[in-house]
Amino acid sequence: MIIASTDNLIKRFGKFEALKGINLALHEGEVFGFIGPNGAGKSTAIRVLLGILQASEGTAQIFGKDAWKDAVEIHKRVAYVPGDVSLWPNLTGGEIIDLFTRLRKKSGQTRRAQLIKQFDLDTSKKCRTYSKGNRQKVALVSAFASEADLYILDEPTSGLDPLMEQVFRQCVQEVKAQGKTVLLSSHILQEVEQLCDRVSIIRQGEIIETGTLQELRHLTRTSITVQTERPLEELGTQAGVHDILTEAEGTMFSVDTKLLGQTIEYLGQHGIVALECTPPTLEQLFMRHYE
Amino acid sequence: MRGLYSGTLSLVRFILRRDRVRLSAWVLGIASFTVLCVPLLADMFGTQEELQGMAVLMQNPALTAMVGPVYGLDNFTVGAMYTNSMLVLMAMLTGVMNIFFVTRHTRHDEELGRLEMIKSLPVGCLSNLAATMFVAVKSNILLALLIGFGIAAFGVESMGLSGSLLFGTAMGAAGLVFAAATAVFCQLCSNNRTASGLSLAFLLGAYVLRAVGDVRAETLSLISPLGLVSRAQVYVENYLWPVWILLGAFAVFAVLAFILARARDLGQGVIPARPGAHHGGRTLSSPLGLALRLCRSTLLAWVAVVVIFGVMYGSVINEVDTFIEGSEMLQAMFTAGGGDSQSFTDQFVSLLMMIMAVVAAIPVVSLMLRIWGEEKQGYTEQIYSTGISRIRLFGVYLGTAFAASVVLQFLSILSFWATASITSDTTPSFGVYLQAAMNYLPAMWALLGLTAALVGIAPSKTAISYGYLGFSFFAVYVGTLADLPDWVLGLSPFYHIPRLPEEEQAWAPLAVLTGLSALLMALGFISYRRRDLRSG
């Protein structure tokens, strides 16, 4: 079942086209990663999905309802963590968490206490004294303390320390285990790699790649370090082989993942002594689109 | 020691660059208004007799409480009259300019974390405060010169260059006292709202102190910056000593601010912030609860303001009665004009009520604008993402502002009537006063409607609301002194309100204004629902 989707979504600010026809589809129960550099349009797309901005063209839907017209109905089942959390300076973290969870109605006090403890948050401090990481924690606690069907998290871990990032990952995995859907926009590719089932990469308002991590990997190159008994003289002429580097410990090169099989076959003909085969990291994947 | 101030001049240039539009607008705005009122007032009186008649009227305690004492009665001049009607008010406005300027560049920047970036550069620990005060001094000097030469340029007989320069200098010196006092408050409090609030309260306190002082006890006026400016007796005696006292007070406050700034940490106030509640109170569970919580201190402060104004103006009614009884000339004037002394008092009561209504309209506009402030700060999108509709959110702020208009008008008139009836025997019944005050509600709603429509249609232009409110105030204020054309006065909604008890009740203008404001509010609702929210 599709939980959230956009169809040819275009958003213009005056003459500037921030989103140039975006297609997304989130399936129920999946953690969907949304990655791209600053200014690519991640937050704009999320704000259109939340009905904060109105689509110039195309549609955006959540739970099969129109993101703009039925925003209130939709939001009753959504929890949102903005990328840049602004909080009322004269309220305490505890007050704001209570406000948000009460406005969302469905939430539990035990969950609240548990999360505050996990995130190690001092709720009695006024928000003006909170650091960026602590403001982020307030937003995260109030989001995860609410019972939502869709969690929209816009760069939720910026400013969090590694320990808290770990707590965050647990939270995402918990809601996923409950069958909830998560839209996670992030810069931290390691986090996306660990959490997300599927990923979309956005660049300058356009989606340039969508798929599972495995599918994406297929489109890119695998790094190989190999030692063989006989020298690999014709390696450079093999289809799909790039960036050859020969050193004392062996030959290093990268190969188009879809041609991996025939390359290994070629290597086998030369008597493999040692072989190390590294699938591309998301970072390499990502960088490939921006070189 | 020099290290404390290094980089100050670069910061001065930086402040001037950042504020080139805003500060120029303030300085030029105040200066041109002050100067342009000269021909308006100067052309009103032909003969010395007319002037002397005016002089008697201006001694009226209600006017004295409002604008200060009259000097030079023996040989009254246009200059003396001008000073009486303009100086205190203009000094107040200069004070407001300085308060906003200083908070913007000290505590506000500090709260937003901008100052932290500045302080990480090779600049001294006190450089930012020093640069801010330096620019404040420069702006006030510029203002004084513009006004001095500007007024003198009209060549009105009684308003020479030295007197005009003193007029400007008195304004600037009072402005500097408020700038330095604000700098002190900015060191004491750890947040901008409290610091600005205390500074504005200090300004208001200075006004009330001199109002009481000017009517009853001279000494009180001498310790108020706004009382001191009158004591310069501009265009009469042209005394310099009040200016010296003001500059001395400026120096004392400024030194205090620097000492406190040196002693505290960045981001902290001298008065430490207390820890708050771990849990939200029961009210904090709806948009209305949140709005009331956020506006609580502002609302309470304004309740205090309108009650103080009510008590202050209410207490001079008795003085007005005594004043008329004691003046044979006035008695004769009323008999000749077919009126009685009661109608004279009524006229002042009507004027005071109008002024109180304009003052009470400020929080009404600002409560509505709060929804835009919240949106700009990026708070609204989080509220909105919890399943609150835009209509409801807009309704909460519009409703709060609407309720505030009624409550504030009621409290202001209650305190006015209560004080007046205790001190004077001739006060009309509460019903008459209440109706008079409630008559102003449609005018306040028109302003509220305009603000609501702007929030919906063009939120970045919401400053228009305050501009229009400011215009309305000056139309009321100048309109009572000079003959402005009716169409200019008619632009202000307050002009169309029947002024009880002086005039007869008229329902038509009230109905038209109410209808108009309802229309504007509906426009606000519709367009707010349709537009993109601004985020972050």
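View 1. A salt bridge is taken as a side-chain nitrogen of Lys or Arg within 4 Å of a carboxyl oxygen of Asp or Glu. Between chain A and chain B the count is three salt bridges.

**View 2. The contact between chain A and chain B.** Chain A and chain B each bring 39 residues to the contact, where contact means heavy atoms within 4.5 Å. About 3400 Å² is buried between the two chains, and carbon and sulfur atoms give 54% of this area. Buried area is the accessible area (1.4 Å probe) that two parts lose on being put together, summed over both. Of the area that chain A buries against chain B, 19% is supplied by Ile52(A), Trp88(A) and Leu103(A), more than by any other three residues.

**View 3. Polar contacts and the side of chain A that touches chain B.** There are 24 residue pairs in polar contact between the chains, both residues at pLDDT 80 or more. A polar contact is a pair of N or O atoms within 3.5 Å; within protein, one must be able to donate a hydrogen and the other to accept it, and residues adjacent in sequence count only if both atoms are side-chain atoms. In chain A, β1 (2-13), α2 (71-75), β6 (78-81), α3 (93-104) and α4 (109-119) each supply at least two residues of this side. The largest share, eight residues, comes from α3(A). Helices (H or I, at least four residues) and strands (E, at least two) are DSSP runs, numbered from the N terminus.

**View 4. Thr101(A) in helix α3 of chain A.** The side chain of Thr101(A) reaches the backbone oxygen of Ile97(A) at 2.8 Å. Thr101(A) is buried, at a relative accessible area of 3%; buried means under 20%, exposed over 50%, and partly exposed in between (1.4 Å probe, protein chains only).

**View 5. Cys186(B), a cysteine in no disulfide.** The nearest cysteine sulfur, that of Cys189(B), is 7.5 Å away, whereas a disulfide is a pair of cysteine sulfur atoms within 2.5 Å. Cys186(B) is buried, with a relative accessible area of 1%.

**Notes.** Residues are numbered from 1 along each chain as its sequence is written, and chains are lettered from A and ligands numbered from 1 in the order in which they are written. In this predicted model local features need pLDDT of at least 70, side-chain atom pairs count only at pLDDT 80 or more, and totals for chains, interfaces and linings use all residues, while side-chain values use heavy atoms, with hydrogens and water left out.
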